[in-house]
Amino acid sequence: MSSIGLNHFLIISSILFSLGVFGVITRKNAVMVLMGIELILNAANINFVAFSAYGGFPVKGQIIALFVIVLAAAEAAIALAIVLNIYKNFNNVNVDEIDNLRE
Amino acid sequence: MNLYDIIFYLFAIITIVSATFVVFTKNIVYAAYNLLLTLFGIAGLYVLLGADFIGIVQLIIYVGGILILILFGVMLTNKITDVPIKSGVLQVIPASIGVGMLAGILILIVTNISWRNMELTVPESTIGSLGMLLMNEYILIFELLGMLLLIALIGAANIARK
């Protein structure tokens, strides 16, 4: 009999989500912001798999987690292409210095 | 405290500690390598939840694909020769307060709600049932995701080439 329940997994995903949000808010480098987004997506994925495993419908939640992983791959590819273009145009990737649209 | 608990806490500690390093270290390359450990720990958690295929996919796509992509992004967007690979920080104190409150509220909510908490069944291989569901019930989403991935990769190649 194990004492691990749904709560434990949900707490881990809450902490991961908060860390991801912290990374997105505070990091200057755009690649670090992307890493924060990956943490957030993984937290959501843990929630999907944990709820489906403990809720009694094990496979359907896993399929949604699979879709989220595919979307994360597409997102990482496009975001890094955009970051490369920003680097070519501005010679840095700091999100606070790219403010050409500001008056 | 049986074996399941010990393995769970091991993977949980790996995940949380390395995720903390990812967001707090200044060196981007250290952050990328710690992200590897985080993703590995999350794959372990998936396996503990009985999702063997998702765990393997996590290892292949995240650790083998996305992380390499991010490392290439780090190397292509920093002048390694003259400037150390660092990332500055913005608004640390307000962000710490806000995110701390967010984490507190989330954990409070999660621990106070009495979720439907069924016993975990003995895990069996999910690959067959996942394949059946993908080819029957979720065929439209499956095909759309294929199209989306194709469009995204062509678009990414086109944007990066300009």
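The residues lining the largest pocket of this predicted model divide into 9 nonpolar, 6 polar and 1 charged (nonpolar being Ala, Val, Leu, Ile, Met, Phe, Trp, Tyr, Cys and Pro, charged being Asp, Glu, Lys and Arg, and polar the others, Gly among them). A pocket is an open set of points on a 1 Å grid over the protein atoms alone, where a 1.4 Å probe fits, with protein on both sides within 12 Å along at least five of seven lines; lining residues have an atom within 4 Å of a point. The volume of the largest pocket is about 290 Å³, taken as the space filled by probe spheres set on points joined across faces, edges and corners. Of its 16 lining residues, Pro58(A), Thr121(B), Val122(B), Pro123(B) and Glu124(B) are the closest to its centre.

Residues are numbered from 1 along each chain as its sequence is written, and chains are lettered from A in the order in which they are written. In this predicted model, local features need pLDDT of at least 70, side-chain atom pairs count only at pLDDT 80 or more, and totals for chains, interfaces and linings use all residues, while side-chain values use heavy atoms, without hydrogens and water.

In the interface, 69 residues of chain A are in contact (heavy atoms within 4.5 Å) with 81 residues of chain B. Between them the chains bury about 7,000 Å², 76% of it on carbon and sulfur atoms; this is the accessible area (1.4 Å probe) lost on being put together, summed over both parts. The count of salt bridges between the chains is 1 (a side-chain nitrogen of Lys or Arg within 4 Å of a carboxyl oxygen of Asp or Glu). Lys60(A) and Glu137(B) form a salt bridge through their side chains, at 3.4 Å from N to O.

Methods:
Buried area = accessible area lost by both parts, 1.4 Å probe.
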